[in-house]
Amino acid sequence: ELAATLRAGSALTCLKLQHNGLADVSAIQIAEAVGASAEAGRKLPLKRLLLHHNRIGDKGAAHLARALQGLESPPPPKAFDSGEARPARAGGCTLQVLKLSGCELNASALARLRVFLQSRAWARSLHTLELSECPLGSKGTEIIESFVGNSRALKTLRIADCSLSTTPIFNALASNEHAAQSLTLLDASGNGLDSMAGEALGDFLQVSMSIRGLLLRRTSPDAQSLRFLLSKACSNIHNERGRHAESRDESFVMDLDLSENKFGTSHVDSIARTLSSVAMRDGCFPFRQLLLNDCSLGPKGVSTLCDALSHCAPRVLQSLSFERNCHLGLYEKMSGTSAFRELSSSLAFAITTPGFGLRALYLAGDGNQHTLSEFLPPAVVALARNSTLQVLDVRDNKAGAELGHSLGKALAAKSTLLELQV
């Protein structure tokens with residue numbers, strides 16, 4: 001029935017069919033209906049097409065490609081002036097958002113969409129492309145590289161868990177001045193981040209004037225790559241603020257998610273030293289949200305980062321997340337509970353540091369034997385002297401009566417806390 005409606009033409013601007021279990025046959029029917037509508041002169045004014053998490057596959061992608069081409073308006077006729085032909089302009093297109101994550105698209109299926117992705121009309125209109133959780137591989141890398149290199153409107157690119165070689169994609173972004181001015185969110189999680197990819201991403205971050213969200217979960221960056229891209233991101237944010245200093249605009253900040261990477265001491269030191277040195281050198285802090293969940297930091301690693309952030313006194317940092325990091329790392333076995341005591345002291349210091357504008361702190365445990373239950377109370381009591389924190393999450397830490405007593409004290413002391421998860 002939906003296919004029949006689309007074939008007859010409609011005023012639909014948004015079509016949401018995600019998580020419907022559509023197989024390639026259903027996808028073919030819908031794609032053919034969209035194409036038939038266009039051929040009959042009733043082109044759908046679609047702006048958003050959401051098909052993520054359906055089993056579209058190779059055959060469905062082939063028909064979808066033809067349908068998408070049908071949504072493209074033909075270029076206007078050539079105009080003549082004194083016998084001279086003016087260059088023909090590219091055709092128009094209304095589609096702005098295309099979500100195909102989790103659609104079982106491999107490189108062959110994506111190749112079916114190559115003509116669409118390389119079209120000048122789509123390069124000017126499409127601002128959101130999501131292809132996460134599709135096994136695209138090296139051939140998919142080439143197609144995405146070509147698309148991002150030519151795009152003029154791209155704002156959101158999600159390519160997580162696609163088995164891609166991200167170096168050429170990051171290089172294409174760095175060399176595309178339009179992407180540097182438009183891309184606001186990049187999710188490259190789960191694709192691996194070696195030294196070359198880290199350098200290429202750093203080069204893009206250095207020239208980007210718009211990036212505000214960067215997701216690098218499960219990318220396993222080495223310490224050098226991590227230090228390089230953090231430095232470039234910090235330098236870029238500082239330069240952007242400098243260019244807009246007269247307006248005192250603090251919107252030039254970034255949300256950084258490095259969760260689910262198994263970081264060691266070298267990674268922790270790289271993050272801490274980079275953030276501290278940048279804060280001292282530039283007098284600013286680049287991140288609004290910093291997520292380091294499930295990174296095997298251990299209490300010593302979390303303590304090191306809290307100390308570094310406290311000395312930075314970042315006013316712009318609003319959300320800090322260290323969930324599932326409380327188990328002892330291999331390098332902390334000798335220190336035992338002293339590492340937890342140091343962590344407790346660092347948390348308390350960070351919470352009460354003047355100028356630290358933290359609004360959300362996430363310290364959820366993993367429910368196992370190594371939790372923060374015994375060492376959280378001193379940090380929680382410090383909330384009574386905090387004037388900014390609104391959200392606190394200490395779930396799965398085997399909280400006991402002492403923690404409950406400390407929370408009661410903090411809440412009774414005119415705490416700004418609005419949301420509490422225990």
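Predicted model: local features only at pLDDT ≥ 70, side-chain atom pairs only at ≥ 80, totals over all residues.
Residues are numbered from 1 along each chain as its sequence is written, and side-chain values use heavy atoms, with hydrogens and water left out.

The protein contains 16 helices and 15 strands, where helices (H or I, at least four residues) and strands (E, at least two) are DSSP runs numbered from the N terminus. Of its 422 residues, 52% count as buried; here buried means under 20% relative accessible area, exposed means over 50%, and partly exposed lies in between, as computed with a 1.4 Å probe on protein chains only. Among contacts between residues at least 6 apart in sequence, 86% join residues at least 24 apart, a contact being defined by heavy atoms within 4.5 Å.

Helix H7 comprises residues 137-150. At 1.5 Å a residue, its 14 residues should span 20 Å, and the end C-alpha atoms are 20 Å apart, which agrees; the expected span of a helix is taken as 1.5 Å times one less than its number of residues. The buried residues of H7 are Gly137, Gly140, Thr141, Ile143, Ile144, Phe147 and Val148, and the elements that cover them include helix H4 (107-112), helix H5 (114-117), strand E6 (128-130), strand E7 (156-158) and helix H8.

The axes of H7 and helix H8 (residues 166-175) come within 8 Å and cross at roughly 10°, the axes being lines fitted to C-alpha atoms, for helices over the stretch in contact, with angles that run from 0 to 180 degrees between N-to-C directions. H7 and H8 are therefore roughly parallel to each other, since angles under 35 degrees count as roughly parallel, over 145 as roughly antiparallel, 65 to 115 as roughly perpendicular and the rest as oblique. Thr141, Ile144, Glu145, Val148 and Gly149 of H7 make this contact with Pro168, Ile169, Ala172 and Leu173 of H8. The contact residues divide into 6 nonpolar, 2 polar and 1 charged, with Ala, Val, Leu, Ile, Met, Phe, Trp, Tyr, Cys and Pro counted as nonpolar, Asp, Glu, Lys and Arg as charged, and the others, Gly among them, as polar.

Within H8, the residues Thr166, Thr167, Ile169, Phe170, Ala172 and Leu173 are buried, and their cover includes H7, helix H9 (177-182), strand E8 and helix H10. Asn171, which also has its place in H8, is partly exposed, with a relative accessible area of 37%. The C-alpha atom of Asn171 is separated by 9.2 Å from that of Glu199, although the two residues are 28 residues apart along the chain.

Helix H10 (residues 195-207) has 13 residues that should span 18 Å at 1.5 Å a residue, and its end C-alpha atoms are 19 Å apart, which agrees. At the start of H10, a side-chain oxygen of Asp194 reaches to within 3.3 Å of the backbone nitrogen of Met196. Buried in H10 are Ala197, Gly198, Ala200, Leu201, Gly202, Phe204 and Leu205.

Asp187 lies in strand E8 (residues 185-187) and counts as buried at 5% relative accessibility. Its side chain makes a polar contact of 2.8 Å with the side chain of Ser189, where a polar contact is a pair of N or O atoms within 3.5 Å; within protein, one must be able to donate a hydrogen and the other to accept it, and residues adjacent in sequence count only if both atoms are side-chain atoms. Not counting residues up to four places away in sequence, Asp187 touches Leu157, Arg158, Ile159, Ala160, Leu215 and Arg217.

Ser321, found in strand E12 (residues 319-321), is buried, with a relative accessible area of 4%. The side chains of Ser321 and Asn293 are joined by a polar contact of 2.5 Å. When neighbours within four places in sequence are left aside, Ser321 is in contact with Leu290, Leu291, Leu292, Asn293 and Tyr362.

The loop between strand E11 (287-291) and helix H13 (298-312) contains Asp294, which has a positive phi of about 50° although it is not a glycine. Asp294 is partly exposed, with a relative accessible area of 23%. Ser296 has its place in the loop between E11 and H13, and its phi is near 55°, a positive value in a residue other than glycine. At 21% relative accessibility, Ser296 counts as partly exposed.
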